[in-house]
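Trainee: I have not looked at this structure before. Could you take me through it in short steps?

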Amino acid sequence: MGLPDLRRVFAGQLSAEPEDMLIMPGGQQSLVFAMRTLADPGSTLITESPSYPGAAIAAQSAGLNLAAVQADANGIIPEKLAEALERTHAKLIYLQPCYANPTGAILSPERRVEVLALAKRYGAFIIEDDWARNLSLDGNAPPPLFTQDPDGHVVSIATLTKPAAPGLRVGAIAARGPAGERLRTARIADDMCVPPLTQEIALGLLTSSAWPRHVTRLRAGLLERRDAMVEAVHTSMTGAKVPNVPTGGIHLWVKLPEGTNSTTLTTAAHQAGVLIGDGKQYYVDEPRPHSSVCPLAPLRSRKFVPVSNGWQLCFKRRSEVAKPQPPVGQAARSPPARTMRGGSSTGSSPRHERFDQNAWPESAAG
């Protein structure tokens, strides 16, 4: 469902047939729609952990219970996934095999085979959230899990929101077999289709000669900001570690020193004008590792730094941060004048309050 030409463009990225594609209004609504359609209320959805908090919200809105399975730098751990499938009888698994949010992990080739075999053995569907396919930084992104699944167990979700613009709410679901039939039937009952004008805009963008140039510039900018962020963590955040330098995506997962209260740190950073995410929010139902893991995901200054998508270096003034590229076809514009504290109006970059990175908040538990 959707414009035939747009479905062909998305299908080409997945080695799929256009008939396998459903054009959707963005990735988040695709998650909710797929979870609601492929699982019954009260059943269980398995998610890797840590994982995208929006997936947990989508599952809860679909009336699903959540079961978390540990993941590491190579993705979800198959042995633990098998145990969870046996224990919960879940028929739905949520994964981000490519540049997982927030860790940047990539599901290894060996584990991809094992995960697909488990889905087939237990009769489960896998929702593949492929949100970061266009955001590779070092090398090429791995092929979609969908391309390795001949049996129709994988339902893949793509979105233009991250590589193009947050306001371009267009994405696609790829699904074969019984899953595809159920999704297409449910889509008719939902809202028939994404507005044709929005689809035409997306099609014009994806088929434009400017699109590859935009993606190349975007990747270069993200790579520069990732490297700057990693360097800032190593030089400015005493005792903090980056367990895995991501090769794609827009997140940096940082392990804080033992005893650090990530919630207190997050609050202090926000007050200093730096927006970071509290790592506790990325876990579902398992114990958090002594509140010492915090994602900088994605880093964006709260004080007038215009970033639509991308990395933003914390603990730096705006003048020291590489500016993001403007969207395709849009000329760079100066930020409008803003009223600063005290009532003065200025178009210059604001003064950020100092944030002492070495003054780590101690755990409330001591």
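Trainee: What does the accessible surface of the protein chain come to, and what share of it belongs to carbon and sulfur atoms?

Mentor: This is a predicted model, and the values are computed from it. The accessible surface of the protein chain is about 16,400 Å². The share that belongs to carbon and sulfur atoms is 52%.

Trainee: How many helices and strands does the chain have, and what part of its residues is buried?

Mentor: The secondary structure comes to nine helices and 14 strands. The chain has 366 residues, and a residue counts as buried under 20% relative accessible area. The buried part is 52%.

Trainee: Among contacts between residues at least 6 apart in sequence, what share joins residues at least 24 apart?

Mentor: A contact here means heavy atoms within 4.5 Å. Of the contacts between residues at least 6 apart in sequence, those joining residues at least 24 apart make up 68%.

Trainee: Which elements do the buried residues of helix α3 pack against?

Mentor: Helix α3 spans residues 53-61, and its buried residues are Gly54, Ala55, Ala56, Ala58 and Ala59. After α3 comes glycine 63, with a positive phi near 80°. The elements that the buried residues of α3 pack against are α2 (27-38), β2 (44-49), β3 (65-72) and β5 (92-95).

Trainee: Is proline 163 buried or exposed, and which residues is it in contact with beyond its neighbours within four places in sequence?

Mentor: Proline 163 lies in the loop between β7 (154-159) and β8. Its relative accessibility is 1%, so proline 163 counts as buried. Tryptophan 211 is 48 residues away from proline 163 in sequence, with 9.9 Å between their C-alpha atoms. Leaving aside those neighbours, the contacts of proline 163 are Asn134, Leu135, Trp211, His214 and Leu218.

Trainee: Which residue forms a salt bridge with arginine 111?

Mentor: Arginine 111 is buried, with a relative accessible area of 14%. The closest N and O atoms of the pair are 2.7 Å apart, and the partner is aspartate 72. The pair links distant parts of the chain, 39 residues apart: arginine 111 is in helix α5, and aspartate 72 is in strand β3.

Trainee: Which residues are linked with Asp138 in a network of salt bridges?

Mentor: The side chains of aspartate 227 and arginine 226 meet in a salt bridge at 2.8 Å, N to O. Aspartate 227 is partly exposed at 38%, while arginine 226 is buried at 6%. The residues linked with Asp138 in the network are Arg226 and Asp227.

Key: Residues are numbered from 1 along each chain as its sequence is written. This is a predicted model: local features need pLDDT of at least 70, side-chain atom pairs count only at pLDDT 80 or more; totals for chains, interfaces and linings use all residues. Side-chain values use heavy atoms; hydrogens and water are left out. Buried means under 20% relative accessible area, exposed over 50%, partly exposed in between (1.4 Å probe, protein chains only). Helices (H or I, at least four residues) and strands (E, at least two) are DSSP runs, numbered from the N terminus. A salt bridge is a side-chain nitrogen of Lys or Arg within 4 Å of a carboxyl oxygen of Asp or Glu. Accessible areas come from the Shrake-Rupley method with a 1.4 Å probe; for residues, only the protein chains shown count as cover.
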